[in-house]
2 protein chains.
Amino acid sequence: MSTATAESRPYHHGDLSRALVDAARKILETDGPAALSLRAVAREAGVSPAAPYHHFKDKAELLEAVAHEGWHELDLALSTARASTQDSRARMTNLGVAYVCFARDNPALYRVMYDRSRDKDALPDQLKDDGAYCQVRNTIDENAGGGVSEIDLELATIAAWCAGHGLAEMIGFKQFAPLKAQLGGEEAFLRAVFEHLGMFAKFTATQD
Amino acid sequence: MSTATAESRPYHHGDLSRALVDAARKILETDGPAALSLRAVAREAGVSPAAPYHHFKDKAELLEAVAHEGWHELDLALSTARASTQDSRARMTNLGVAYVCFARDNPALYRVMYDRSRDKDALPDQLKDDGAYCQVRNTIDENAGGGVSEIDLELATIAAWCAGHGLAEMIGFKQFAPLKAQLGGEEAFLRAVFEHLGMFAKFTATQD
DNA sequence: GCGCTATCTAAGCATCGTCCAGATTGGCTC
DNA sequence: GAGCCAATCTGGACGATGCTTAGATAGCGC
């Protein structure tokens, strides 16, 4: 038959790549990373288990596409945070808080993003050029007034990024619950930790 | 037959739990986390695929045992690092370097350790009482001369731990290679990042 | 309107985690 | 020392997974 039945999709989907990525993200949000099988994605998209292989080489390549979207959305979140204040010290803390909040609000997506990175032993390349990593570096540079050596700037960015990632992975840990309550909520806890990090102390300590 | 053939083990292994954990660790080191199936572990231990279920409830419980050993060994590594110098500032950096080096030298084991933690949304409990986390907290307390509030001490420990974990997960990333070369090796790179973190700046900045 | 080719399905393979029924045997009781 | 219980281990099975292959379908350029 040339057209689909009332229930089923037409034989050719139209935009399966897009639909598969959307299905994957829906499963991630709903059931978490453990439930994210290629077959489940195909099921969610209403398509046979083999169909995805015409759009992605394997499961890893699908996850790569999902991760790519995640990094893009993280970019946006950091851009917003960076523009949120004029105070150079607060801006840096806001950036950190925004980073961790993104991970907290999209835990499964964030996990996929970093799992892919670890498999490749590398962060996505676009981060360095105009992405989230670049935003952190620029913010540090602005805070320091521009007179920082390239190597110091890079080290400070790495330090900040690692701290943010570590906190992002652990923000939900049960052991932190009492401290969060004591400090008046999760965001207050986050700010306190970031301020304790004293990162960029090298550049901003004299302004204290 | 009552005894085993020349090739095979006796019907009852004797200490299968131990052998299974060892087999799992061997597979982790040799082939990485992706190759770590329960069946492969059983194969490595020379036992049927169902045998492990008489010693561990499921695969997760086996991994839990592996992770437990990993945390214990991390404790030892940090103890050694902590005793390596009298200088309070250097001691803290040494602790961080030792942490990351452990992760670098046991990447698959470290991954299992944290994967288990994320599944439970908690670090292992013994860390708080007399384990690695406790060592970091004590070292910070010593550095600060003891006059730190409980809450500040906790925040600083969390900050340090998160930074260490973040760096541990990314130390192998390709993007850092040029910087490592420029600084004269991986350990020099590590020290530089940790010093840039300026963590505990709150407690030690005045000693600069 | 024809055919090329991208897209999709159906069926199958090896592997996985887990369970069950039954074989084996170490160690306690008498 | 004999006998039995319970812990341990095997073989086989089930459903699910990632991926491949052969063949069905249909959009699109000519």
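Entry 1. I first noted what buried area means: it is the accessible area, taken with a 1.4 Å probe, that two parts lose on being put together, summed over both. The size of an interface is often given in this way. I also noted that the model is predicted.

Entry 2. I then looked up the interface itself. Between chain B and chain A, about 3900 Å² is buried, and carbon and sulfur atoms give 69% of that area. On the side of chain B, the residues that lose the most area to chain A are Leu155(B), Gln175(B) and His196(B), which together account for 18% of what that side buries. I recorded 48 residues from chain B and 48 residues from chain A in the contact.

Entry 3. Next I asked which rotation superposes chain B on chain A. I found a rotation of 180 degrees, with 0.0 Å of shift along its axis and an RMSD of 0.0 Å. This is therefore the relation of a two-fold axis.

Entry 4. I turned to the packing of helices within chain A. Helix 4 of chain A (residues 88-105) packs on helix 8 of chain A (residues 150-170) at an angle of about 40 degrees, and their axes lie 9 Å apart. Helix 4 of chain A and helix 8 of chain A are therefore oblique to each other. I noted their crossing as right-handed. Helix 4 of chain A contributes Met92(A), Tyr99(A), Val100(A) and Ala103(A), while the residues from helix 8 of chain A include Trp161(A), Gly164(A) and His165(A).

Entry 5. Helix 7 of chain A (residues 132-143) packs on helix 8 of chain A at an angle of about 120 degrees, with 9 Å between their axes. Helix 7 of chain A is therefore oblique to helix 8 of chain A. The crossing of helix 7 of chain A with helix 8 of chain A is right-handed. Among the residues in this contact are Tyr133(A), Arg137(A) and Asp141(A) of helix 7 of chain A, and Glu154(A), Ala160(A) and Trp161(A) of helix 8 of chain A. By class, the contact of helix 7 of chain A with helix 8 of chain A has 9 nonpolar, 1 polar and 3 charged residues.

Technical notes
Residues numbered from 1 in each chain as written. Chains lettered and ligands numbered in written order. Predicted model: local features only at pLDDT ≥ 70, side-chain atom pairs only at ≥ 80, totals over all residues. Heavy atoms only, no water. Least-squares fit on C-alpha atoms with pLDDT ≥ 70 in both. Axes fitted to C-alpha atoms, helices over the stretch in contact; angles between N-to-C directions. Helix = DSSP H or I, 4+ residues; strand = E, 2+ residues; numbered from the N terminus. Parallel < 35°, antiparallel > 145°, perpendicular 65-115°, else oblique. Left-handed = near helix turned anticlockwise from the far one by under 90°. Contact = heavy atoms within 4.5 Å. Nonpolar A, V, L, I, M, F, W, Y, C, P; charged D, E, K, R; others polar.
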